[in-house]
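Take your time, and look up each residue as we reach it.

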Amino acid sequence: MSISGFFSQLLAIVMALVLAPLLMGWVNQWRAWLQNKSGPGVLQPYRMLHKLFHKESVLAEDASSLFRMAPYMVFGCMVLACAIIPTLSTDLPLSPAADAIALVGLFAVARVFISLAAMDIGTAFGSMGARREMLIGFLAEPALLSVFFTTSLISHSTALTSMVEYLAHKEFAIYPSLAFAGLAFSMVSFAENARVPVDNPATHLELTMIHEALILEYSGRHLALIEWAAALKLFAYSCIGLALFFPWGIAEAEAPLALILAIPALVFKLAIGGFLLALIETLSAKMRIFRVPEFLATAFLLAVIGMLVHFLLGA
Amino acid sequence: MMLNWLSIDYVLLVIALWLGIGVAGVFALRRFRFVARVLFPLGGVGCLALAGAVLPMFGSTPDIAILPLGLPQLPFHLRLDGLSAFFLVLIGAVGAGISMFAAGYFRNGAGTPPGLLCLEYHVFLASMVLVVLADDAYAFMVAWETMALSSFFLVTANHKLPEVRQAGFLYLLIAHVGAIAILLCFGVLQANSGDYTFANMRAQSLSPAWASIAFILAVLGFGAKAGMLPLHVWLPEAHPAAPSPVSALMSGVMLKTAIYGLLRISFDLLDVHVWWWGGLLLALGLATAVFGVVFATVQTDMKRLLAYSSIENIGLLLAGIGLALIFHAYRMSALTALALTAVLYHAVSHAFFKSVLFLGTGSVLHATGERNLGRLGGLIRYMPWTAWLVLVGVFASSGLPPFSGFVAEWLLLQSFLFTPGLPDSFLNMFIPIVAAVIALVAALAGYAMVKFFGVIFLGQPREEKLKQARDAGFWEKGGMLWLAGWCIVLGLFPNLLIRLIDPVTVSLVGAGLGRSTTESNWLFLAPSSIERASFAPLLFLLGITAGCLIAFALVRVFYHGRLRRSPPWDCGHPWQNARMQDTAEGFGQPIRQIFSPFFRLKRHLPTPADSAPSYHVEVSDHFWHWLYLPVARGIEFLAALVGRLQQGRISIYLLYSFLTLLFMLFLVQR
């Protein structure tokens, strides 16, 4: 492992931890502005985390150790996910530890843990949330994998760093298969991050919530970790999307200057992405829970069509 | 003198030990303590010895033995080569854990006495070893039938219950339909030479048409044993009926002997290969996998759920073999080796995790007397050991990293993604779609497993008596710990097992994953190169653990660790009870709705006027109504026709004999 590799790895993790709540705040702020509200400010998620960490944790009487473990596990999974995604640089020593398939597995570990934790207390909402989360997961996971299959067929690799390097170096051309994959990926991202057409991050209306139902029994530092992990997940998904479909500005090995330039490039891309997310959320209405499988099945089919297009057109 | 023994001799010694244990069990028919505390652990030691004895066999020349048993002119030929050794290690390693569990599991009670169970159990083990060792069709069929019969008796251990007897008969019937197909397959393979040794079958070269017939017969025969669609119906009946260690042994190990048989015939005995064989097996495997997993998610009996999950895993194995056959037909040996590695890895991984899951259900059954998911819940508080060990199995079964199930899934997906390069562009296009389906199956398996674990172990106990449940005893814990431990070890150090698989694939198809097994990159699993695809489970686990620990430490340093216990909040709803949680039916409801064409639903909804409203839903399998019941009716009809002949009067029977004699004379005359 080279020094620069170690440095860029560390930078990637720290950037993710710091920027993730900011991205969340940015999206929420734009959502408020687009809805003609004044909004709490982009720094609100930090204040929220600080507040929650200060509070004591109130735990249900018969919560098992699985319930107490889950927030840390989810947080750990998301930190690792942010560490292996080429956000700033493709020179990541941790990247060979997990390729795209393992990354999907990593998200699945987090999902299974949080669903099991939600079932642990034995409340009606907890198990309902767990069921819905797994329902979304079982359709979103193969769709996400199929997106990665398309990109890996193009780049002849399932390693994220090799994929991004290949996609960044190819001559500029619109790959029809990538267009399908990109569309599928954004649909999956909306579902996986509990954003509006699928779930509403701001709701506490019992019968419609998914993510909120899962974490209903958490409070204090546990809730803070889960919220932070949710922010990291949004950050991770945004970065995967940016790295695969807009891979410009990402540094490569032995390029310290590019690494410094990569930070503003990432922030710029994330700012635009966050604005678009808020715009889409504002323009669309939340769908009924049984429309969600149709939505995700569409995403799955689009990703598979992307693969087929790759074989038919060779691009 | 002892030093000159071959591995195969030690294996035969272990078989003799098992048979001896079985006989001792018969003499100690109801001396339960002796059977449980001495005989079963001794059998487990035999399993370990078996695995140890064949370890030196990988990569060396096969051992051959000829036993003077059997017919005159036709002794038992036995042969221990890499493929057999691999499956023997599987039998030994998994059998050791199950035997240990069985030492604490079997009790005196209704049904077969423990001594007799001990005999059946060890004969079952010995016959599975002989199936894998057999080197001629005769020995193979004898061992295969012994395996079917001994497992039939084990399944019907609780034979006082009518549904257990029914399950046993269904199992026996389908096992024999399969056995006929295998027998016919051997008949085709020997190509009229009259010599039934495998050596002769290897030497024959069949025309593609005959080879295809042999292959289809093998798929039918071994598919019936493995639970391939549409011959799967016995599995969800037999597994819940059998005692849990037997379910574990059948699901974890016996199904794998069918995979062994299929591999032996298609890669070793047949020398022609046609690409559509692989396509056929791939399609069958995928159909089986999707069917199995969708049904697993809607089950309400915990052992039936696991049985359907076994069907799913068998489907994945068959799909992997299908892919390997496609590659093999096009002579792409490196890719064949990759697909075969995935298959063998998954076979071992499934053996471990499915055994631990079945054993866990056994412990739950003992502690609570319930198999119905609707009456369980909250057991993680009363049975923590069982719960956490089963959780390992659940993670492995859902294909989550860094457990063994994920490695197999990863290898399988890699072998699909490497596909571009097949000469047939139609196949090229088809295969990534298959990969997408496999991803769907894996994700649904996660759904089924979350349901399985969540409904049994999490939440509040749905019955008052569950609060008295006691955790598994020493032997049961030990058995599960051994199996769950291997799920973790194989997940973290995949190269350990791949090092054993390599010589097997080299001997079968002439290539292996050599690169990933070299000492230099023991940490990384990289079938071709690290740039192409890599996975380092240990780093992966360290990454997550470091994330968790740092988060934990930072929270404690900068903030605090204060904690208060209170009643659950539940959005402020004050009156909540265990009945308000999702039931097993409730958890499966979205799947029932999305995949409704898969099921035959019988639903009873109460009307508003009902004084005692009840809600009832019954999910059954289309194949019963489409295939089995019509066949059964047809046979009943034929039997009734034949029955007309039986008039019950001796004069009429004498007339039949007379007519038959006349007919014979007529034939002889001509």
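A polar contact here is a pair of N or O atoms within 3.5 Å; within protein, one must be able to donate a hydrogen and the other to accept it, and residues adjacent in sequence count only if both atoms are side-chain atoms.

## Before we start

This is a predicted model, in which local features need pLDDT of at least 70 and side-chain atom pairs count only at pLDDT 80 or more, while totals for chains, interfaces and linings use all residues. Residues are numbered from 1 along each chain as its sequence is written, chains are lettered from A and ligands numbered from 1 in the order in which they are written, and side-chain values use heavy atoms, with hydrogens and water left out.

Chain A is built from eleven helices and one strand. Helices (H or I, at least four residues) and strands (E, at least two) are DSSP runs, numbered from the N terminus. Reading from that end, the order is α-α-β-α-α-α-α-α-α-α-α-α. With a radius of gyration of 19 Å, close to the 20 Å that the globule rule gives for 315 residues, chain A is as compact as a globular protein of that length. The radius is taken over C-alpha atoms, and the rule is 2.2 Å times the number of residues to the power 0.38. Along the principal axes, the C-alpha atoms of chain A fill a box of roughly 55 × 45 × 40 Å.

## Where the two chains meet

Together the chains bury about 6,900 Å², 71% of it on carbon and sulfur atoms. Buried area is the accessible area (1.4 Å probe) that two parts lose on being put together, summed over both. A:Met119, A:Arg131 and A:Phe138 supply 10% of the area that chain A buries against chain B, more than any other three residues.

Across this interface the rule finds 31 residue pairs in polar contact, both residues being at pLDDT 80 or more.

A salt bridge is a side-chain nitrogen of Lys or Arg within 4 Å of a carboxyl oxygen of Asp or Glu. A:Arg131 meets B:Asp582 in a salt bridge at 2.7 Å, N to O. A:Glu56 forms a salt bridge with B:Arg564, with the closest N and O atoms 2.7 Å apart. A:Glu56 lies in the loop between helix 2 and strand 1 of chain A and B:Arg564 in strand 3 of chain B, so the pair joins two chains.

Strand 3 of chain B (residues 563–566) runs parallel to strand 1 of chain A, and four bridges join them. Two strands pair if DSSP finds at least two bridges between them. Opposite A:Ala60 stands B:Ser566.

Most residues other than glycine have a negative phi, and most peptide bonds are trans. A:Asn36, although not a glycine, has a positive phi of about 60°; A:Asn36 sits in the loop between helix 1 (3–34) and helix 2 of chain A.

One joins B:Leu229 and B:Pro230, with omega about -5°, and B:Pro230 lies in the loop between helix 8 (208–226) and helix 9 (234–241). Another joins B:Pro401 and B:Pro402, with omega about -5°.
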